[in-house]
Amino acid sequence: MRSPGAVLLVSCYELGHQPLGLAEPLAILRAAGYAPAAVDTAVEPLPDTAVVAARLVAISVPMHTALRLGVAVARRVRALNPAARVVCYGLYAALNARYLLREAADAVLGGEVEPALLALVRALEDGRWVTDSPDDPIPGVTTRAVVSPPALTRAPFAVPARDTLPPLDRYARLRRGDEALLAGYVEATRGCLHTCRHCPITPVYGGRFFAVPRAIVLDDIRQQVRAGARHITFGDPDFLNGPTHSLRITRALHAEFPDVTFDATIKVEHILEHRALFPELRDLGCAFIVSAVESLSDTVLSRLDKGHTRADVAVALDILRAAAIPLRPTLVAFTPWTTLDDYLDVLDFVAAHGLIDQVDPIQYAIRLLVPPGSALLDLPDAPAWRGALDDANFTYRWDHPDPRMDQLYHHVSAAVEAGRAAGADSSATFAAVRGLALSAAGRPVPTVPDTTETDRELVLAARRPVPHLTESWFC
Ligand code: SF4
């Protein structure tokens, strides 16, 4: 197990950034004397030789898209190297353990996975596999013989190992005006203090989060700045779960690298609760904040247990505008409870608040996913809307009670995809989506004003460019 490449770590997709899901286990395994290989199939091919040489192949599946791609990789590994053990690890592995163990994997790791992965490698080195000893399970490792809940003990942290990963110029960049700057990615915390019902973190972490030691986060930032990063994404599920921790890190980041900017994800509730922090975060280099607005319907928000209301979203916008920090909202545009009027209301809100350039068009096409184990399944009315488990697509099916909404979802998805393929401006895609929603409601669709080329250039020049990452997909 200690020979180079005997352990093969594979990432398939991590939101367009260099995968932390590889860099963290690489560091932990190396520190224990192993020499894992790592491949990120999002930007490089997975060579057959690497698969054939491996005794254990561990595939990182932190999100839905990654899982879809990861299953295909697992099947390829099985075909090429039937003797290798296949492990899936990360948030979506834990949720979909039953399917993965049936179809693609020998073990599934959830929660704080590094100690479990290390224990598995050691077991294999000792010539045994965990299924050999169901009486002596490894915490966090689920196999066909042993079911173990996600490991929620604080993992030993190490500075993520990035030296063998593809360079940052292979990944998403920060677009700021005419510049496209290299971007790095760190996490200052894992898990989440909150338990929003639709969130895949809730069934795995159950309201717990873990702070990554400040020195490790800062060392990781340093190595990425040395590699050319001019911007850092804090990918914590919520950057203000531990505000003191986060503030100390951003202060240290700014003190050492005053020209490096950052972005973070912060929930509406925390924007209101910690409103006094935002002027300082701007001065420390905060380029924008992503926030899971999800919906503007208080009915939907209460189903999701989001902890904010429609009115709070407007307040959060005001707080960030006063601090000169752009908000980039994410949405769950289609849920079983979102009415056509709710959908149109979101579009009107986006236009009225000047957010068209701050909402990635894909957000208008996001449909609620209900993975196995989702807290949404505990809602008393779940039997009324929940369909069968489509385990090969990692979600329960649901149909909207208003068939116009399911039709609209398909039409909007096609329009957003067409806009993406054509490189359309976000306002053009917004207009197309709004037209579709108005048509679905039987309301007149405004015709595009007959503007001249000069008019269009003036309008574009008047719009403020909003910093954003060049990867818009997010789940
Ligand atoms: S605050 Fe965000 S990360 Fe935390 S449970 Fe809610 S949706 Fe998930």
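This is a predicted model: local features need pLDDT of at least 70, side-chain atom pairs count only at pLDDT 80 or more; totals for chains, interfaces and linings use all residues.

Student: Why is W129 called partly exposed?

Tutor: Count C-beta neighbours inside 10 Å: W129 has 16. Buried needs 20 or more, and exposed needs 12 or fewer. The count for W129 falls in between, so W129 is partly exposed.

Student: Where does W129 lie?

Tutor: In the loop between α6 (114-125) and β6 (141-142).

Student: Which residues does W129 touch, not counting those up to four places away in sequence?

Tutor: R85, A123 and L124. Contact here means C-beta atoms within 7 Å.

Student: How far apart are W129 and T143 in space?

Tutor: 10.0 Å, C-alpha to C-alpha. In sequence they are 14 residues apart.

Student: Which way do the residues of β1 point?

Tutor: V7, L9 and S11 point one way. L8 and V10 point the other way. In a regular strand, side chains alternate between the two faces of the sheet.

Student: What makes β1 and β3 a pair?

Tutor: Pairing needs at least two bridges. β1 and β3 (residues 56-60) have five, in the parallel sense. L9 stands opposite A58 in β3.

Student: How do you know that β1 and β2 pair?

Tutor: By the same rule: β1 and β2 (residues 37-40) share four bridges, and two would do. They too run in the parallel sense. The bridge partner of S11 in β2 is D40.

Student: What unit do β1, helix α1 and β2 make?

Tutor: A right-handed β-α-β unit, with α1 spanning residues 20-31.

Definitions and conventions. Residues are numbered from 1 along each chain as its sequence is written. Two residues are in contact if their C-beta atoms, placed from the backbone, lie within 7 Å. A crossover is right-handed if, with the strands pointing away from the viewer, the path from the first strand over the helix to the second runs clockwise.
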